[in-house]
Amino acid sequence: MFLDLKSLRRSGKDSQSFFYEYSPEKDLIDIPNTKLDLPVKISGEVTLTGMHSAFISGEIAFTLTGECTRCLSSVTREYVAEFDEQVEENNPDGYSVVNDTVDLGKIVEDAILINLPVSFLCKEDCKGICLNCGVNLNEDSCKCKN
Ligand SMILES: [Zn+2]
Ligand SMILES: [Zn+2]
């Protein structure tokens with residue numbers, strides 16, 4: 001998934017909005033029993049800032065489906081990751097413009113990884129399961145305490 005700065009410049013415009021659906025080739029997600037639903041949806045805008053540089057911003061809507069790490073119930077949760085990057089040729093601090101194109105896929109993959117939850121939970125205050133009797137403490141109270 002590449003943005004072509006040359007064709008944008010040829011069009012005579014300074015900026016252009018874009019919308020993509022994208023499926024990373026490799027497995028991005030390293031959470032047990034959890035996967036990224038594909039494709040992810042990306043919307044954004046690219047603005048030319050120089051001969052071979054641009055500012056790219058937007059947001060990625062992605063969904064994770066898997067198992068709550070605490071109570072093991074199945075969960076689907078939606079997330080939004082935002083990104084804004086200044087890209088230029090031979091950029092040591094960020095993403096580079098190569099042959100007047102920008103690898104948007106790389107930016108999107110990195111933004112998803114940065115915005116992954118630390119632990120994948122059905123809800124932030126999930127009570128988990130009782131390690132003793134296996135009751136899901138979100139649904140039932142446990143009698144082990146007595
Ligand atoms: Zn849970
Ligand atoms: Zn119990």
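N136 is buried, because its relative accessibility is 14%, and the cut-off for buried is under 20%. That is where I will start. Keep in mind that this is a predicted model.

N136 sits in the segment after α2, the helix spanning 104-114. Which residues does N136 touch, leaving aside its neighbours within four places in sequence? The contacts are C71, G128 and I129. One of these, C71, takes us to the metal sites.

First, ligand 1, a zinc ion. Its coordinating atoms are the SG atoms of C68, C71, C122 and C126, at 2.3 Å. The four donor atoms make angles of 106 to 115° among themselves, and the site is tetrahedral. Along the chain, the donors follow the spacing C-x2-C-x50-C-x3-C. Take C71 and C126 from that set: the pair links distant parts of the chain, 55 residues apart. C71 is in the loop between β5 (53-67) and β6 (74-88), while C126 is in the segment after α2.

Are these two cysteines buried or exposed? C71 has a relative accessible area of 6%, so C71 is buried. C126 counts as buried too, because its relative accessibility is 5%.

On accessibility, C133 counts as partly exposed, because its value is 40%. C144 has a relative accessible area of 32%, so C144 is partly exposed as well.

One more residue from the segment after α2 is K143. Its relative accessibility is 67%, so K143 counts as exposed. K143 and G128 are 15 residues apart along the chain, and their C-alpha atoms are separated by 15 Å. G128, you will recall, is one of the contacts of N136.

Now the aromatic rings. The count comes to two aromatic pairs. One is F18 with Y20: the ring centres are 5.8 Å apart and the planes are at 40°, so this pair is tilted. F18 counts as buried because its relative accessibility is 10%, whereas Y20 is partly exposed, with a relative accessible area of 27%.

The other pair is F62 with Y79. Is it stacked or tilted? The ring centres are 5.4 Å apart and the planes are at 20°, so the pair is stacked. F62 lies in strand β5 and Y79 in strand β6, so the pair ties together parts 17 residues apart in sequence. F62 is buried, with a relative accessible area of 2%. Y79 is buried as well, with a relative accessible area of 16%.

F62 also brings us to the nonpolar core. As background, in soluble globular proteins nonpolar side chains tend to be buried together. In this model the largest nonpolar core has 37 residues. Which of them touch the most other members? They are V40, I56, I60, F62, L64, F83 and I112. Elements that each supply at least two residues of this core are α1 (5-10), β2 (15-22), β4 (40-50), β5, β6 and α2.

F83 is worth a separate word. Not counting residues up to four places away in sequence, F83 touches F18, I42, I56, S57, G58, E59, I60, L104, I107 and A111. Among these, F18 is the ring that pairs with Y20, and I56 and I60 are on the list of core residues that touch the most other members.

Conventions
Residues are numbered from 1 along each chain as its sequence is written. Chains are lettered from A and ligands numbered from 1 in the order in which they are written. This is a predicted model: local features need pLDDT of at least 70, side-chain atom pairs count only at pLDDT 80 or more; totals for chains, interfaces and linings use all residues. Side-chain values use heavy atoms; hydrogens and water are left out. Helices (H or I, at least four residues) and strands (E, at least two) are DSSP runs, numbered from the N terminus. Buried means under 20% relative accessible area, exposed over 50%, partly exposed in between (1.4 Å probe, protein chains only). Contact means heavy atoms within 4.5 Å. Donors are N, O and S atoms within 2.8 Å of the metal (3.2 Å for Na, K and Ca); water is not among the atoms, so sites may look incomplete. Four donors count as tetrahedral if all angles lie between 85 and 135 degrees; four count as square planar and six as octahedral if opposite donors are over 155 degrees apart and all others between 65 and 115; anything else is irregular. Rings of Phe, Tyr and Trp (its six-membered ring) pair if their centres lie within 6.5 Å; planes under 30 degrees apart count as stacked, over 60 as edge-to-face and the rest as tilted. A nonpolar core is a set of buried Ala, Val, Leu, Ile, Met, Phe, Trp, Tyr and Cys residues joined through side-chain atoms within 4.5 Å.
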